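The account begins with the pairing of strands and then turns to the helices and the core.

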Amino acid sequence: MKEYQATVLTTTPSYASLLAEESEKYGIEIGKDIKLKKIWLTGEGCSSTFRQRLEKWWGCEVSFFYGSTECGVIGGVECSKHQGYHVMEGHIKLEIIDPDSGEVLPYGQTGEIVVTTLLREGMPMVRYRSGDLGKLQKSQCDCGIALDVLELRGKNGAHAPHRGMRIIPPHL
């Protein structure tokens, strides 16, 4: 990163942390030797507290994008307001379903994320069940983007059954 004067890093949250720690060990000064303008995180869950720690460590904005090997970018990307993922509606059709019945759920209800790719030719996916949990909201984002917003809630099966109901973690 130092040699090529990288300004953007795309990685997992844990690897961004490891890179910062290792840079210090080798005398590489973040902000002086490596001047990132943006970090894109994917591949693991990450709290907003950990994101803020990475932003402070690296001295740049840190955002998330949501995708999979099978479908590419699924939910889309976070804008600078960090209020969820703006769904890439021209690239995918995203649905939220009840994991047990398969019934499509309305906005605001948490269920399994199902994806149909619209632009993939070699390996299109039709109603691919991701195994991830989330909910869709109509965009009310201050950034002005009018695309639906996806909020990730975890993995299907990573919930606690209680009195016949699913208790889903508050955030990924």
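Two strands are said to pair if DSSP finds at least two bridges between them. By that rule, strand 7 (residues 111–117) pairs with strand 8, for 4 bridges join the two, which run antiparallel. The structure under discussion is a predicted model.

**Overall composition**

The secondary structure of the protein chain comes to 2 helices and 11 strands. Read from the N terminus, the elements follow the order β-α-β-α-β-β-β-β-β-β-β-β-β. The chain has 172 residues, of which buried residues make up 36%. Among contacts between residues at least 6 apart in sequence, 48% join residues at least 24 apart.

**Strands 6, 7 and 8**

Strand 7 is also joined to strand 6, by 6 bridges, and these two strands run antiparallel. Val114 illustrates both pairings: Glu95 stands opposite Val114 in strand 7, while Val114 in turn stands opposite Arg129 in strand 8. Val115 has Tyr128 of strand 8 as its bridge partner. Because 7 of the 7 residues of strand 7 are buried, this strand is largely enclosed by the rest of the structure. Strand 8 (residues 128–137) is mostly covered, with 7 of its 10 residues buried.

Helix 1 (residues 13–25) contains 13 residues and reaches 19 Å from its first C-alpha to its last, close to the 18 Å expected at 1.5 Å a residue. Its buried residues are Pro13, Ala16, Ser17, Leu19, Ala20 and Ser23. These residues lie on the same side of helix 1 because they cover an arc of only 160° around the axis. A general rule applies here: an α-helix has 3.6 residues a turn, so residues three or four places apart point the same way. The cover over the buried residues of helix 1 includes strand 1 (8–11), strand 2 (38–41) and helix 2.

In helix 2 (residues 48–58), the residues Arg51, Leu54, Trp57 and Trp58 are buried.

| Helix | Glycine just after it | Positive phi |
|---|---|---|
| Helix 1 | Gly27 | about 75° |
| Helix 2 | Gly59 | about 70° |

**Ser23**

Ser23 is found in helix 1. Since buried means under 20% relative accessible area, Ser23 counts as buried at 7% relative accessibility. The side chain of Ser23 reaches the backbone oxygen of Leu19 at 2.7 Å. Leaving aside residues up to four places away in sequence, Ser23 touches Ile28, Ile30 and Ile34.

In soluble globular proteins, nonpolar side chains tend to be buried together. The largest nonpolar core in this model has 30 residues, and those with the most contacts inside it are Ile39, Leu41, Trp58, Leu94, Ile113 and Leu150. The elements that give two or more residues to this core are helix 1, strand 2, helix 2, strand 3 (61–68), strand 6 (92–97), strand 7 and strand 9 (149–155).

Note on methods: Residues are numbered from 1 along each chain as its sequence is written. This is a predicted model: local features need pLDDT of at least 70, side-chain atom pairs count only at pLDDT 80 or more; totals for chains, interfaces and linings use all residues. Side-chain values use heavy atoms; hydrogens and water are left out. Buried means under 20% relative accessible area, exposed over 50%, partly exposed in between (1.4 Å probe, protein chains only). The expected span of a helix is 1.5 Å times one less than its number of residues. The arc is that of the directions from the helix axis to the C-beta atoms. Contact means heavy atoms within 4.5 Å. A polar contact is a pair of N or O atoms within 3.5 Å; within protein, one must be able to donate a hydrogen and the other to accept it, and residues adjacent in sequence count only if both atoms are side-chain atoms. A nonpolar core is a set of buried Ala, Val, Leu, Ile, Met, Phe, Trp, Tyr and Cys residues joined through side-chain atoms within 4.5 Å.
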